[in-house]
Protein chains: 2
Amino acid sequence: MPSTKQVVLNAPLDMHLHLRDGEMLENIALCSAQTFSAAIIMPNLVPPVSTKEEVVAYKKRIEHAIADEKFTPYMTLFFKPSYDKVFLESVKDHITAIKLYPAGITTNSEGGVSGFDVEELRPALSAMAALGIPLCVHGETNGFVMDREAEFVSIYEKLASAFPDLKIIMEHITTKESVAALDKFENLYATITVHHLLITLDDVAGGMLQPHLFCKPIAKRPEDREALLKVALEAHPKVMFGSDSAPHPKHAKESCGCAAGVFTSPIALQLLTEIFEKNNVSFDKLQVFVSGNAQNIYGVTPPAKTVVLEKKPFKVPSNYNGVVPMYANETLAYRIKEVNHG
Amino acid sequence: MPSTKQVVLNAPLDMHLHLRDGEMLENIALCSAQTFSAAIIMPNLVPPVSTKEEVVAYKKRIEHAIADEKFTPYMTLFFKPSYDKVFLESVKDHITAIKLYPAGITTNSEGGVSGFDVEELRPALSAMAALGIPLCVHGETNGFVMDREAEFVSIYEKLASAFPDLKIIMEHITTKESVAALDKFENLYATITVHHLLITLDDVAGGMLQPHLFCKPIAKRPEDREALLKVALEAHPKVMFGSDSAPHPKHAKESCGCAAGVFTSPIALQLLTEIFEKNNVSFDKLQVFVSGNAQNIYGVTPPAKTVVLEKKPFKVPSNYNGVVPMYANETLAYRIKEVNHG
């Protein structure tokens with residue numbers, strides 16, 4: 001009898017995660033905490049997390065939601081140009097990064113940055129660079145939906161050259177233009193989601209309209225997906241896995257005017273394993289993409305956790321506590337066999 | 001007291017209309033018949049309308065649904081390469097055009113053409129040219145959703161040059177490439193919808209996902225909309241208004257995997273009037289776009305009907321017999337004051 005193929009991943013990290021708050025946080029936190037060692041937690045609550053008290057309190061609520069799971073929430077603040085050195089020094093031990101949103105660009109980002117004037121941003125960003133706090137950026141302009149990210153690349157480049165000591169992470173990149181920017185500036189990094197490795201706009205709106213595949217940034221063109229796949233599969237040292245898993249209640253996704261966000265936390269590792277296998281890439285590269293690169297870039301040491309996946313059909317549930325995941329009711333090639341700690 | 005601004009349109013024509021069948025036909029036929037003089041009726045029923053008996057019977061069902069309204073349904077057949085001269089001669093008095101669908105490209109088009117081999121199509125298309133039957137074409141490949149129509153332009157050009165005596169109508173064009181093709185071949189014409197003059201992909205998927213603006217071809221880029229507006233506003237002699245109004249039940253639009261189609265019949269003339277006014281274009285041009293050009297291109301003389309619109313706020317109903325229209329519950333600048341016959 002042939003043995004079932006197994007893949008072992010050590011300390012998987014999700015470097016871009018929305019855990020939300022309140023009932024939703026309680027409902028979905030374990031979907032990440034059970035299989036990931038740690039995750040960068042996005043701060044776009046209502047109101048956004050922007051004080052030491054808020055970030056400490058939010059972390060406590062997350063720790064409550066994950067109960068006994070060994071999982072480190074890497075906390076972030078919602079960037080404000082008014083952050084100064086004194087404030088950042090007082091908060092730096094409580095956060096791993098700061099997230100910058102252009103104003104009004106995605107869910108709960110109304111209080112974000114509306115101009116990208118280097119001098120206006122200099123006090124905050126220079127202090128972050130000096131303190132070694134990375135800047136995570138949602139890089140979209142308010143232009144035409146297919147152009148927003150490519151248009152933002154010039155802003156990434158402006159920030160990267162103005163603040164060469166600041167680590168800037170281009171979050172959830174979706175275009176070949178962002179991939180190309182990676183190699184132009186030493187201090188530009190990127191996260192890539194699993195869904196952007198799988199889908200294009202065709203999957204969202206090419207046949208029927210698929211609200212559960214609708215996200216921001218929207219999935220782009222086939223050549224963009226190819227560019228993302230290339231750097232993910234080679235575990236390019238400047239790219240990290242970040243799911244951007246973003247739960248919404250079922251009714252908010254399936255009504256008229258559906259909210260943006262794809263929920264992938266509970267299936268991300270299974271999908272990534274399948275993607276690397278299908279492309280005949282060693283799982284060593286997957287290990288680097290899903291953990292090693294992030295450890296190097298952020299300088300973090302996550303808690304030990306070993307996830308064993310096996311090649312057996314896994315039917316994705318229709319929902320996880322009321323949240324519909326990507327590929328609900330479809331069958332994946334890998335399932336999680338066990339998770340070991342320590 | 002200033003008098004209310006009025007606009008009078010004579011014999012408005014909708015040169016691309018889906019009236020469906022059965023209960024839906026009964027529910028929505030009057031939305032067209034009350035304000036248009038005539039319309040080209042699409043044949044993509046299940047099964048598609050492809051025999052004389054079927055087209056005669058479908059016309060009777062339409063006439064039943066429109067009751068006493070003075071409205072001519074210009075009937076069409078669903079193109080099959082097997083149509084020969086004998087068949088076409090037998091049916092020509094019952095139809096105004098024949099509609100070609102690439103296989104599987106939109107709602108109920110599974111039986112369409114899957115190759116575009118000129119020699120395979122020659123018997124049918126030569127006979128149509130000889131009999132003066134125009135060919136209406138849904139011009140999309142099965143490529144990436146934003147490229148499908150532009151990719152199809154080479155097929156339009158192949159057909160136009162192989163069959164110079166055949167009038168070919170590029171239906172519901174959405175791209176600058178199709179607009180450019182208009183002037184390259186004498187026998188290429190086009191219909192343009194009202195929604196493609198108003199929206200881009202931004203409106204469908206740039207903010208929240210909007211199922212009621214999802215259609216095929218999908219709305220494209222701002223520069224595409226500009227190209228469409230230019231030829232519509234100048235009433236380019238080769239373009240005609242065709243709504244492509246395509247009703248679906250509310251549940252089919254607002255569920256997971258929403259069907260393609262925008263329902264505009266009852267608001268099309270109000271919207272067109274507003275568009276021409278906003279662009280400071282004489283309503284004489286609107287008259288030509290919405291009736292004159294179609295009469296010239298098709299050689300038809302529609303029944304007399306005069307629609308009087310007045311500039312008074314019109315709140316679009318939430319639904320018409322269960323079908324949600326474009327701009328439901330929003331307020332338009334013009335309303336229909338009266339319709340006169342004879």
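Two strands count as paired if DSSP finds at least two bridges between them. Strands (E, at least two residues) and helices (H or I, at least four) are DSSP runs, numbered from the N terminus. The model here is a predicted one, in which local features need pLDDT of at least 70 and side-chain atom pairs count only at pLDDT 80 or more, whereas totals for chains, interfaces and linings use all residues. Residues are numbered from 1 along each chain as its sequence is written, and chains are lettered from A, ligands numbered from 1, in the order in which they are written.

Strand E3 (residues 38-41) of chain B is joined to E4(B) by three bridges, and Ile40(B) stands opposite Tyr74(B) in E4(B).

Strand E11 (residues 305-310) of chain B has antiparallel partners. Strand E1 (residues 6-10) of chain B pairs with E11(B) over five bridges, with Leu9(B) opposite Val307(B). Strand E14 (residues 335-341) of chain B pairs with E11(B) over six bridges, and there Glu338(B) is the bridge partner of Val308(B). In a regular strand the side chains alternate between the two faces of the sheet.

Now for chain A as a whole. Chain A has twelve helices and 14 strands, and buried residues make up 50% of its 342 residues. The C-alpha trace of chain A spans about 65 × 45 × 40 Å along its principal axes.

The two chains also meet. The contact takes 24 residues from chain A and 24 residues from chain B, where contact means C-beta atoms, placed from the backbone, within 7 Å. On the side of chain A that touches chain B, the largest share, four residues, comes from helix H8 (residues 201-205) of chain A. Inside chain A, Ile98(A) touches Thr76(A), Leu77(A), Phe79(A), Met128(A), Ile133(A), Leu135(A) and Cys136(A), leaving out residues up to four places away in sequence.

Methods
Contact = placed C-beta atoms within 7 Å. Buried ≥ 20, exposed ≤ 12 C-beta atoms within 10 Å, placed from the backbone.
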